[in-house]
Amino acid sequence: MKIILKNNEEKRILSGHQWIFSNEIEKTEDFSENGQVAELYTSFGKFIGKGFYNKNSLIAYRHLTDKQDEVIDGNFIFKRLSMANSLRRKKLNTGEIYRLANSESDFLPGLIVDKFENKYSIQIFSAGMELLKKEIIEVLQNNFKADFILEKNDNEIRILEGLEKKEEILFDKTGTSQNEFETELDGIKIFIDLLNGQKTGYYLDQQENRVLLRKYIKAGDNVLDLFCNEGGFSLNAAFAGAEKVTAADSSEHSIKMCERNSQLNGFSNIDFIKADVFDFLNEGFQKTERYDFIILDPPSFTKSKKNVFTALKGYTELNYKAMKLLKPNSFLFTFSCSHHISEKAFEEMLIQSAEKAGRSIQIIEFRNSSFDHPVLPQMSETKYLKGYLLRVTV
Ligand code: SAH
């Protein structure tokens, strides 16, 4: 099939962005099904590339290759996964747990693959990748030693692509369900339950930031981990010698996993609380306890541009309250995982929060997601996590 663009609409894709939106298309020829591979042409008939087409999605075209003769099949998936894997294997001390494929930023539009030793959890967000599911499974089995593959396709984004939500074990070599297992990440034992955990089953994007914590925690510190999920930051704080860690999350499953992980490592100084963080902070105001280190890692408050203002209000409330609960000259590790919140907007929010809290702040580290979640500079949609390690002085 062919896609012919409107005049000048090829500019963004030629600069390295990966999408064409439906309103940028003049006409299509020989359409047969959503997700099929289409050739992309300029308004004056010049070939640009090949990619997935979906007539029901605002993201009508997702780029795959600049080469007209490149075949999009299992071998293509193998080549792209191998290229992605070579980045992961370059890092010193790479273990067997990492994000193998990060969708558009690994030139695999709509495909996420998280590797947990020989177990793989995948998410598919494009109709094109859905059509290649069989090939993806075969490549993971034949070339990446998969003995367990889980599809965690419960995300709303699928609806925008006209795909149904579903979670299913796609392959289980031994026949004994392996979605729950014990493993180790950077020296800390963890229990992972892929089926019941959030997103792919476990958040890998914060792993380097969790480990970074060890540099700043001193023996005797009192640490607060807000939106702790399965306790990644808390476990690292305890590992680094914190005297006491308090962690809060509203998910019952997350808190159960935290307790299990803490026991697994023999930590007895982490207090996990199932609570709404907004309420928890308000209650904190009434108490005298103050902290040496607070981690603030809320979920994305906005999935669209139009809610940015409300989202920033939410971030301000959390950040100024956290700043007030810190001892003088202590640390706040604060994050936003929404790509609609720019660094500039987040920094302005931090300035306002500090003013409201009556504290001074210094930026000590500026952080991104872990190395296995690369970002395409031409495509701001691939950049989402921003982390600021602040010292909060008086
Ligand atoms: N810091 C975590 C990731 C946090 S993800 C890590 O290192 O893995 C965001 C978490 O916020 C999720 O676990 C979710 O259950 C929790 N959450 C969402 N809304 C909440 C609320 N209002 N109060 C407490 N927790 C909330």
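What follows is a chat about a sheet, a helix and a residue in this predicted model.

Me: Let's start with the sheet. In what order do the strands of the open sheet run?

Reply: The general idea is that strands of a sheet pair through backbone hydrogen bonds, either parallel or antiparallel. Here, seven strands make an open sheet with mixed pairing, and the order is E16-E15-E14-E17-E18-E20-E19. E16 (270-274) and E19 are the edge strands; each has a single partner, so one side of each has no neighbour in the sheet. On average, neighbouring strands are turned by 15 degrees against each other, direction ignored.

Me: Which way do E18 and E20 pair, parallel or antiparallel?

Reply: Antiparallel, over seven bridges. If you want one to look at, take Thr334, whose bridge partner in E20 is Tyr388.

Me: And which strands does helix H6 touch?

Reply: H6 (residues 207-216) packs on the sheet against E17, E18, E19 and E20, and its direction makes about 135 degrees with that of E19. Helix H8 (residues 252-264) packs on the sheet too, touching strand E15 (244-249) and E16, with about 165 degrees between its direction and that of E16.

Me: Now H10. How far apart are its end C-alpha atoms?

Reply: Count on 1.5 Å a residue: the 17 residues of H10 (residues 308-324) should span 24 Å, and the end C-alpha atoms are 24 Å apart, which agrees.

Me: Is H10 mostly covered or uncovered?

Reply: Mostly covered, with twelve of its 17 residues buried. Among them are Val308, Ala311, Leu312, Tyr315 and Lys321. The buried residues pack against several elements, including helix H9 (277-286), E17 and strand E18 (326-336).

Me: At what angle do the axes of H10 and H11 cross?

Reply: Roughly 45 degrees, and the axes come within 8 Å. That makes H10 oblique to H11, and the crossing is right-handed. For the residues involved, remember that an α-helix has 3.6 residues a turn, so residues three or four places apart point the same way. On the H10 side, Leu312, Tyr315, Thr316 and Asn319 are among the residues that meet H11, whose own set includes Phe346, Met349, Leu350 and Ser353.

Me: Last one: is Ile295 buried or exposed?

Reply: Buried, with a relative accessible area of 0%. Ile295 lies in strand E17 (residues 291-296). Leaving aside neighbours within four places in sequence, its contacts include Leu213, Val223, Phe233, Phe333 and Phe335.

Notes
Residues are numbered from 1 along each chain as its sequence is written. This is a predicted model: local features need pLDDT of at least 70, side-chain atom pairs count only at pLDDT 80 or more; totals for chains, interfaces and linings use all residues. Side-chain values use heavy atoms; hydrogens and water are left out. Helices (H or I, at least four residues) and strands (E, at least two) are DSSP runs, numbered from the N terminus. Buried means under 20% relative accessible area, exposed over 50%, partly exposed in between (1.4 Å probe, protein chains only). Contact means heavy atoms within 4.5 Å. The expected span of a helix is 1.5 Å times one less than its number of residues. Two strands pair if DSSP finds at least two bridges between them. Axes are lines fitted to C-alpha atoms, for helices over the stretch in contact, and angles run from 0 to 180 degrees between N-to-C directions. Angles under 35 degrees count as roughly parallel, over 145 as roughly antiparallel, 65 to 115 as roughly perpendicular and the rest as oblique. A crossing is left-handed if the near helix is turned anticlockwise from the far one by less than a right angle, and right-handed if clockwise.
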